[in-house]
Amino acid sequence: VNWQPRVYAAAQQGAVAAFYHQNGWVGYDTVRRMGISHEASYLSSTFPEGLPLQTAFVGPSLLAVLEAAVEEALAAGTWLDAAPLLPSVLAPADVAALLSKVGCLKDAAKGSVAVLEATCVVPGKVLQAVTEAAESAARQAAEKALTERRSSAGAAGAAGADK
């Protein structure tokens, strides 16, 4: 049996609550270090507005920051890597889970925006422009290679005829 003074447990819980309120998230490893077991269920019952993820528990303020950044990027027509905006303890699966909660991504028409590698939000227009540029570059490279191959084959045939 592991006994813990009530005042110690209250201080540990207070430290977890303070970290969560100051940062908008708390990692499960931090909660575990404070001697609180069943981290996700403890945090869900203590902070019902939060969202339990794989590696951390995040609050609505963090989701609001992410949503604002995504909306701004889409409005500007640029891409966004969401990972640097979020705590580094979050796994890519956590970032993907948070992005799945972003309202403008849920409401977006299919093909108008894509989430790549679980963390990058890319407008469809940007993907289309990149695809067209890549196709054009590939076509030009293929035509150049074909021209070089034909000219080298012609030169080799002419050299063989001279012998």
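Helices (H or I, at least four residues) and strands (E, at least two) are DSSP runs, numbered from the N terminus. With that in hand, here is a walk through the structure.

A word on ground rules first. This is a predicted model, where local features need pLDDT of at least 70, side-chain atom pairs count only at pLDDT 80 or more, and totals for chains, interfaces and linings use all residues. Residues are numbered from 1 along each chain as its sequence is written, and side-chain values use heavy atoms, with hydrogens and water left out.

## Helix α1

Let's start with helix α1, which covers residues 6–23. Its 18 residues reach 26 Å from the first C-alpha to the last, close to the 26 Å expected at 1.5 Å a residue.

Which residues of α1 are buried? They are Q12, V16 and Y20. Here buried means under 20% relative accessible area, exposed means over 50%, and partly exposed is in between, using a 1.4 Å probe and protein chains only. Looking down the axis of α1, you'd see its buried residues fall within an arc of 75 degrees, so they line one face of the helix. That arc is taken from the directions from the helix axis to the C-beta atoms.

On the face of α1 turned away from the buried side sit the exposed residues R6, V7, H21 and Q22. As for the buried residues of α1, what covers them includes β1 (25–27), α2 (28–33), α3 (39–46), β3 (56–58) and α4 (60–76).

## Salt bridges

Side chains of opposite charge can pair when their charged atoms come close. The rule used here for a salt bridge is a side-chain nitrogen of Lys or Arg within 4 Å of a carboxyl oxygen of Asp or Glu. How many salt bridges does the structure hold? It holds 2.

One of them joins D29 and R33, at 3.8 Å from N to O. Because D29 and R33 are 4 residues apart in helix α2, about one helical turn separates them. D29 counts as partly exposed at 36% relative accessibility, while R33 is exposed, with a relative accessible area of 61%.

R32 also forms a salt bridge, with E39, and the closest N and O atoms are 2.9 Å apart. E39 counts as buried, at 15% relative accessibility.

## Aromatic rings

A pair of aromatic rings is described by the distance of the centres and the angle of the planes. Rings of Phe, Tyr and Trp (its six-membered ring) pair if their centres lie within 6.5 Å; planes under 30 degrees apart count as stacked, over 60 as edge-to-face, and the rest as tilted. By this rule, the count comes to 4 aromatic pairs. Among them are the two in this table:

| Pair | Centre to centre | Angle between planes | Type |
|---|---|---|---|
| Y20 and F47 | 4.1 Å | 25 degrees | stacked |
| F47 and F57 | 6.5 Å | 45 degrees | tilted |

Y20 lies in helix α1 and F47 in the loop between α3 and β2 (51–52), so their pair ties together parts that are 27 residues apart in sequence. F57 is in strand β3, so its pair with F47 ties together parts 10 residues apart in sequence. Ring pairs link Y20, F47 and F57 into a cluster.

## Cysteines

A disulfide is a pair of cysteine sulfur atoms within 2.5 Å, and a search of the whole structure finds 0 of them. C120 is buried, with a relative accessible area of 19%.

## Two more residues

T119 is found in the loop between β5 (113–116) and β6 (120–123), and counts as buried at 12% relative accessibility. Not counting residues up to four places away in sequence, T119 touches L80, D81, A82, A83, V95 and L99, where contact means heavy atoms within 4.5 Å.

L127 has its place in helix α7 (residues 124–162) and counts as partly exposed, at 30% relative accessibility. With residues up to four places away in sequence left out, L127 touches A114, L116 and V122. The C-alpha atoms of L127 and G103 are separated by 21 Å, and these residues are 24 apart along the chain.

How values were computed:
The expected span of a helix is 1.5 Å times one less than its number of residues.
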